[in-house]
Amino acid sequence: MAREIAIILLMAVVLAAAMMVASSMDITDRDLTSEESLWALYERWSGHHNVRRDLRDKAMRFSVFKENAHMIHKFNQGDAPYKLSLNLFGDMTDEEIDHTHGRCSDLLSDGGKRRQGRFTQGAVAACNDFPMFVDWRMTGYDQRPSAVTSVKIQRGCGACWAFAAAAAVEGINSIRTRSLKSLSVQQLIDCDKGSFGCRNGRVPSAFRYIINNGGIATEADYPYIAGEHGYCLVPKRKNPVVTIGGFKWVPNNDEVALLQAVAAQPVVVLLDTKSFRRYGGGVFVGPCGTNQTHGMTVVGYGTTDEHDPKKRIDYWIIKNS
């Protein structure tokens, strides 16, 4: 077992971000010319994302899809530094996306016991001169492997809290042991009794579960089912392979503190995702809301490489689920 003693850092803040998302599709003018061309686009989108709908549901979904396709195409005619696209949520309403992916309203609740004053101690204290660019997805820095596993998709389970927590632990474990392991989100969903599975959850509770359990299993040993087993399968599974020694909070609304934290390791954040549900690429610059219901993991930061300094944009790299 790899004993991980570094600190996991958390923050609740709304920030502009460059996100990692599921693959998407482009829309052309020809796609929008008729009902037939839109239906053909819908069929291509369904195949691209492996979406299966029954005939009764498909008619209603097609109506939603058409509205989304027109909205996305119109937005992309503008000059924003990011684009929208027909991603995995192409035939879903905003309310449906919130219901299935934004159910982490109590994500960072910790019973009022945050100890933010201790943030400058420990792992981040050595990062006063943090670099201008960090991307934990990259390999080769100081002969280290990547600290970020591939994007994992929640599907119909509202367990962003578990995905974000697992990603943070994967990151710090890779940084300290130089071995990237994909960890079990499903174990957190089934076994963390301080959270509520696919209905809601708390990242601090997930971290405490990992500590108290002596670690967490790999994704291969305890695979994701996009739902709940209804009971914890740990006694029947292999021993945990990664653990942590604790976690700390990043002060709220403090970008310098977040920069210091992300320079040391991937960090869990809580965001309002309404504005970028249809995100397709580029640097998202807003608008950002304050209804923070979705947990993600910041895995880097930087500044766009523009010749004109006035056009450069500072950004965060965020792993979504």
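This is a predicted model: local features need pLDDT of at least 70, side-chain atom pairs count only at pLDDT 80 or more; totals for chains, interfaces and linings use all residues.
1. Setting aside residues up to four places away in sequence, arginine 61 touches Tyr42, Arg53, Asp91, Met92 and Glu96. You'll find arginine 61 in helix 2. Is arginine 61 buried or exposed? Its relative accessible area is 11%, under the 20% cut-off, so arginine 61 counts as buried.

2. One of those contacts deserves a second look. Aspartate 91 sits 30 residues from arginine 61 in sequence, yet their C-alpha atoms are 5.4 Å apart in space. The side chain of arginine 61 also reaches the backbone oxygen of aspartate 91, at 3.2 Å. Notice that this particular contact goes to the backbone oxygen of aspartate 91.

3. Now for the charged partners of arginine 61. Side chains of opposite charge can pair when their charged atoms come close. Arginine 61 has a salt bridge with aspartate 57, at 3.4 Å from N to O. Both of these residues belong to helix 2, four residues apart, which is about one turn of the helix. If you wonder why that spacing works, an α-helix has 3.6 residues a turn, so residues three or four places apart point the same way. Aspartate 57 is partly exposed, at 22% relative accessibility.

4. Which residue forms another salt bridge with arginine 61, with the closest N and O atoms 2.7 Å apart? That partner is glutamate 96. Here the pair links distant parts of the chain, since arginine 61 is in helix 2 and glutamate 96 is in helix 3 (residues 94-101), 35 residues apart. Glutamate 96 is partly exposed, with 22% relative accessibility. Through shared partners, the salt bridges join Asp57, Arg61 and Glu96 into one network. A search of the whole structure turns up 11 salt bridges.

5. Next, look at how helix 2 (residues 55-75) sits against helix 1 (residues 35-48). The two pack at an angle of about 100°, and their axes are 10 Å apart. That angle makes helix 1 roughly perpendicular to helix 2. On the helix 1 side, the contact is made by Glu35, Leu38, Trp39, Leu41, Tyr42, Glu43 and Trp45, while helix 2 contributes Lys58, Arg61, Phe62, Phe65, Lys66, Ala69 and His70.

6. A salt bridge connects these two helices as well. Glutamate 35 pairs with lysine 66, and their closest N and O atoms are 3.1 Å apart. Glutamate 35 is in helix 1 and lysine 66 in helix 2, 31 residues apart, so to speak a link between distant parts of the chain. Glutamate 35 is partly exposed, with a relative accessible area of 44%.

7. A polar atom of the histidine 49 side chain is 3.2 Å from the backbone oxygen of leucine 86. Asparagine 50 is in that loop too, but counts as exposed at 56% relative accessibility.

8. Check the backbone of asparagine 50 while you're there. Most residues other than glycine have a negative phi. Asparagine 50 isn't a glycine, but has a positive phi of about 55°. Arginine 155 has a positive phi as well, near 60°. Arginine 155 lies in the loop between strand 5 (134-135) and helix 4 (160-177), and is partly exposed with a relative accessible area of 45%.

9. Glutamate 219 lies in the loop between helix 6 (203-213) and strand 6 (242-243). Glutamate 219 is buried but has no salt bridge, and the nearest side chain of opposite charge, lysine 152, is 4.1 Å away. The glutamate 219 side chain does reach the backbone nitrogen of tyrosine 224, at 3.2 Å. Beyond its neighbours within four places in sequence, glutamate 219 is in contact with Lys152, Ser182, Leu183, Ser184, Val185 and Tyr224.

10. Finally, helix 7 (residues 255-264). Eight of its 10 residues are buried, so helix 7 is largely enclosed by the rest of the structure. Among the buried ones are Leu258, Leu259 and Val262. At the start of helix 7, a side-chain oxygen of aspartate 254 comes to within 3.2 Å of the backbone nitrogen of valine 256. For the chain as a whole, 53% of the 321 residues count as buried.

Conventions. Residues are numbered from 1 along each chain as its sequence is written. Side-chain values use heavy atoms; hydrogens and water are left out. Buried means under 20% relative accessible area, exposed over 50%, partly exposed in between (1.4 Å probe, protein chains only). Lys and Arg count as positive and Asp and Glu as negative; His and the chain ends are not counted. A salt bridge is a side-chain nitrogen of Lys or Arg within 4 Å of a carboxyl oxygen of Asp or Glu. A polar contact is a pair of N or O atoms within 3.5 Å; within protein, one must be able to donate a hydrogen and the other to accept it, and residues adjacent in sequence count only if both atoms are side-chain atoms. Contact means heavy atoms within 4.5 Å. Axes are lines fitted to C-alpha atoms, for helices over the stretch in contact, and angles run from 0 to 180 degrees between N-to-C directions. Angles under 35 degrees count as roughly parallel, over 145 as roughly antiparallel, 65 to 115 as roughly perpendicular and the rest as oblique.
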